[in-house]
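Visitor: Please display the sequence and the structure, and then take me through the side-chain contacts by question and answer.

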Amino acid sequence: MTHSTIQILFYIALVFGLGGGVLILIWWAKKIWKKYYKSVTNDRVISISAVSMKALIYMFPGVLLFVLMNIPLMYLGSLLKKEDYCKEIIRVNKGIKKDDPFIKERCNCLDVDELFENALKEGN
């Protein structure tokens with residue numbers, strides 16, 4: 001993948017992952033609020049640890065959906081870091097070739113021609 005493709009997908013995942021995840025989290029909180037409130041107020045003694053544990057248990061599905069919606073964002077972020085790593089490897093090892101086994105192993109999902117071009121351009 002080229003750098004611009006990764007960046008476009010990253011920003012799309014950022015909008016849909018974070019925005020949609022927050023909306024789902026708010027929707028889930030509204031859905032379970034009455035049941036949670038009734039459960040907390042029916043206790044004889046109200047303690048912070050009990051209230052927080054119940055909140056964690058009740059909100060767990062919403063938090064899980066939030067995390068699941070942001071998996072593509074985390075993957076694309078790791079691709080951006082991998083791209084920087086591969087550029088740095090190319091910059092440091094000036095004599096490395098495009099068909100080097102190290103480059104094939106570590107940078108196989110990225111556009112190697114673009115990596116070499118940008119790394120040599122930024123290195124000067």
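Guide: One definition comes before the questions: a residue is buried under 20% relative accessible area, exposed over 50%, and partly exposed in between (1.4 Å probe, protein chains only). The model is predicted, with local features requiring pLDDT of at least 70 and side-chain atom pairs pLDDT 80 or more, whereas totals for chains, interfaces and linings use all residues. Residues are numbered from 1 along each chain as its sequence is written, and side-chain values use heavy atoms, with hydrogens and water left out.

Visitor: Is Tyr 36 buried or exposed?

Guide: Tyr 36 and Trp 33 are three residues apart in helix α1, about one helical turn; helices here are DSSP runs (H or I, at least four residues), numbered from the N terminus. With a relative accessibility of 12%, Tyr 36 counts as buried.

Visitor: Do the rings of Trp 33 and Tyr 36 form a stacked, edge-to-face or tilted pair?

Guide: Rings of Phe, Tyr and Trp (its six-membered ring) pair if their centres lie within 6.5 Å; planes under 30 degrees apart count as stacked, over 60 as edge-to-face and the rest as tilted. By this rule there are five aromatic pairs. For Trp 33 and Tyr 36 the centres are 5.8 Å apart and the planes stand at 50°, so the pair is tilted.

Visitor: Which residues do ring pairs link into a cluster?

Guide: Phe 10 and Tyr 11 form an edge-to-face pair, at 5.6 Å centre to centre and 70° between the planes. The cluster linked by ring pairs consists of Trp 33, Tyr 36, Tyr 37 and Tyr 58.

Visitor: Why is the disulfide of Cys 86 and Cys 107 left-handed?

Guide: A disulfide is a pair of cysteine sulfur atoms within 2.5 Å, and the count comes to one. Cys 86 and Cys 107 are joined with an S to S distance of 1.9 Å. The disulfide is left-handed because the torsion about its S-S bond is about -105°.

Visitor: How many residues apart in sequence are the parts that Cys 86 and Cys 107 tie together?

Guide: Cys 86 is buried at 1% relative accessible area, and Cys 107 is buried at 2%. Cys 86 belongs to helix α3 (residues 71-92) and Cys 107 to the loop between α4 (101-106) and α5 (112-123), so the parts tied together are separated in sequence by 21 residues.

Visitor: How far away from Cys 109 is the nearest cysteine sulfur?

Guide: Cys 109 is partly exposed, with a relative accessible area of 26%. Cys 109 is in no disulfide, and the nearest cysteine sulfur, that of Cys 86, lies at a distance of 7.7 Å.

Visitor: Which residues does Lys 87 touch, not counting those up to four places away in sequence?

Guide: Lys 87 is found in helix α3 and is buried, with a relative accessible area of 7%. Contact means heavy atoms within 4.5 Å. Leaving out residues up to four places away in sequence, Lys 87 touches Leu 115, Asn 118, Ala 119 and Glu 122.

Visitor: What N to O distance belongs to the salt bridge of Asp 113 and Lys 98?

Guide: Side chains of opposite charge can pair when their charged atoms come close. A salt bridge is a side-chain nitrogen of Lys or Arg within 4 Å of a carboxyl oxygen of Asp or Glu, and the structure holds two. For Asp 113 and Lys 98 the N to O distance is 3.0 Å.

Visitor: In which helix do Glu 88 and Arg 91 both lie?

Guide: Glu 88 and Arg 91 form a salt bridge, with the closest N and O atoms 2.7 Å apart. Glu 88 is partly exposed at 39% relative accessibility, and Arg 91 is partly exposed at 21%. Three residues apart, about one turn of the helix, both lie in α3.

Terms used. Helix = DSSP H or I, 4+ residues; strand = E, 2+ residues; numbered from the N terminus.
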